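Trainee: Could we go through this structure together? I would like to begin with the sheet and then turn to the helices.

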Amino acid sequence: MKRKVLSTILSVAMVAAMLVGCGGGSETATAPAESEAPAAEEAAPAETEAEGGEEAAAPSGEGGLIGVEMPTQDLQRWNQDGANMKEQLEAAGYQVDLQYASNDIQTQVSQIENMISNGCQLLVIASIDGDSLGTVLAQAKEAGIPVIAYDRLIMNSDAVSYYATFDNYMVGTVQGEYIRDQLDLENADGPFNIELITGDPGDNNARFFFGGAMDVLQPYIDSGKLVVKSGQTSFEEVATANWATEAAQSRFDAIIASNYSDGTNLDAVLASNDSTALGVANSLAANYTGEYPIITGQDCDIASVKNMIAGKQSMSVFKDTRTLASQVVKMVDAIMKGGEAPVNDTESYDNGTGIIPSYLCEPVFADVNNYKELLIDSGYYTEADLQ
């Protein structure tokens with residue numbers, strides 16, 4: 001896959017412009033943050049009904065029944081994704097069966113089976129594990145039901161019609177470039193100490209995030225200007241099951257104890273998302289005495305934005321779920337009316353059965369300098385949410 005690497009970190013003015021839409025072209029807060037997010041309360045009944053084995057009630061709509069399958073409510077971003085999708089699809093005239101699978105693969109399979117048998121005419125699916133849905137999606141294909149993979153590419157299934165996501169490689173590129181520029185790696189002598197952490201090995205996006213960032217950072221590691229004292233640099237070594245904050249914290253407890261307990265500075269942490277960044281921050285608070293490092297993140301979850309304001313996280317890539325939901329609604333509407341969904345990438349995402357036509361929305365980053373413009377002025381959060 002050939003990609004263009006972002007040349008510079010985006011300015012505040014450019015960021016504001018990008019926020020208006022997807023442009024040409026995450027997992028993330030922890031359960032405590034979810035409890036603070038209004039979207040969590042809105043989405044909660046859907047998971048309760050799903051776990052009880054009953055079909056979620058769908059409002060009346062003339063456009064048809066759309067199944068929306070989300071992986072979990074344990075992370076704030078999925079509550080926001082589900083709520084935004086449901087709201088916008090219903091506003092477009094569709095009925096919506098929204099389900100959350102409690103991060104359990106068999107639950108997700110069962111929910112999709114129910115959506116198929118209950119007459120859903122199109123499925124929008126954010127998978128728990130990209131390789132786990134082949135059998136159930138074969139049923140969808142046999143029934144003539146189109147499938148849009150949402151944010152996570154569903155692998156090894158020819159039932160996937162389209163893919164809608166943010167530009168995941170660019171997410172990592174933005175994170176890598178942020179570290180590069182904040183440390184002034186082009187001019188500073190170094191060396192600087194860095195540690196790496198990414199997401200769930202079953203989430204195909206995690207490899208894109210990590211790959212985009214490492215394409216920026218690896219030359220500095222190779223030259224010795226960046227030093228990974230733990231020696232853990234491969235994707236497999238730095239992956240975090242389920243993107244779990246607790247797992248990230250436990251791993252960094254061990255890294256700090258072995259490499260930074262004597263006051264040695266940790267200068268930067270490449271964290272692929274906010275839930276792993278939160279685990280890093282928790283570990284630093286408990287175990288670290290050196291100068292505070294640069295820490296990246298993704299999704300602008302409430303807990304991490306609060307940490308950003310407090311100086312405990314440097315940045316977070318902002319993926320406005322309202323923007324992605326709007327694009328998916330356009331794709332759904334085009335398919336349901338017998339046309340082809342709008343896409344802007346037909347080269348990058350091969351799920352093992354061929355290239356999946358994709359729409360990639362453009363990510364931007366938030367930090368202490370621009371979070372008010374991006375997150376509050378846009379209505380994504382209120383001031384009270386971040387107190």
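This is a predicted model: local features need pLDDT of at least 70, side-chain atom pairs count only at pLDDT 80 or more; totals for chains, interfaces and linings use all residues.

Trainee: In what order do the six strands of the open sheet lie?

Mentor: The order is S2-S1-S3-S4-S5-S11, with parallel pairing. Strands (E, at least two residues) and helices (H or I, at least four) are DSSP runs numbered from the N terminus, and two strands pair if DSSP finds at least two bridges between them.

Trainee: Which strands stand at the edges?

Mentor: Strand S2 (95–100) and strand S11 (358–361) do; each has a single partner strand, so one side of each lacks a neighbour in the sheet. On average, neighbouring strands are turned by 15° against each other, direction ignored. Here axes are lines fitted to C-alpha atoms, for helices over the stretch in contact, and angles run from 0 to 180 degrees between N-to-C directions.

Trainee: How many bridges join S1 to S3?

Mentor: Four bridges link S1 (residues 65–70) with S3 (residues 122–125). In one of these strands, S3, leucine 123 is the bridge partner of glycine 67.

Trainee: Which strands does H13 lie across?

Mentor: H13 lies across S1, S3, S4 (147–150), S5 (160–166) and S11, and runs at about 160° to S5. Its buried residues (under 20% relative accessible area; exposed is over 50%, partly exposed in between, with a 1.4 Å probe and protein chains only) include Leu324, Val328 and Ile335. Just after H13, glycine 338 takes a positive phi of about 90°.

Trainee: Moving to H6, which of its residues are buried?

Mentor: In H6 (residues 134–142), Val136, Leu137 and Ala140 are buried. They cover an arc of only 95° around the axis, which puts them on the same side of H6; the arc is that of the directions from the helix axis to the C-beta atoms. The face turned away carries the exposed residues Thr135 and Glu142.

Trainee: What do the buried residues of H6 pack against?

Mentor: They pack against helix H5 (105–117), S3, S4 and S5, where contact means heavy atoms within 4.5 Å.

Trainee: Lastly, how many disulfides are there?

Mentor: The count is zero, a disulfide being a pair of cysteine sulfur atoms within 2.5 Å. Cysteine 120 is buried at a relative accessible area of 3%, and cysteine 300 is buried at 0%.

Conventions: Residues are numbered from 1 along each chain as its sequence is written. Side-chain values use heavy atoms; hydrogens and water are left out.
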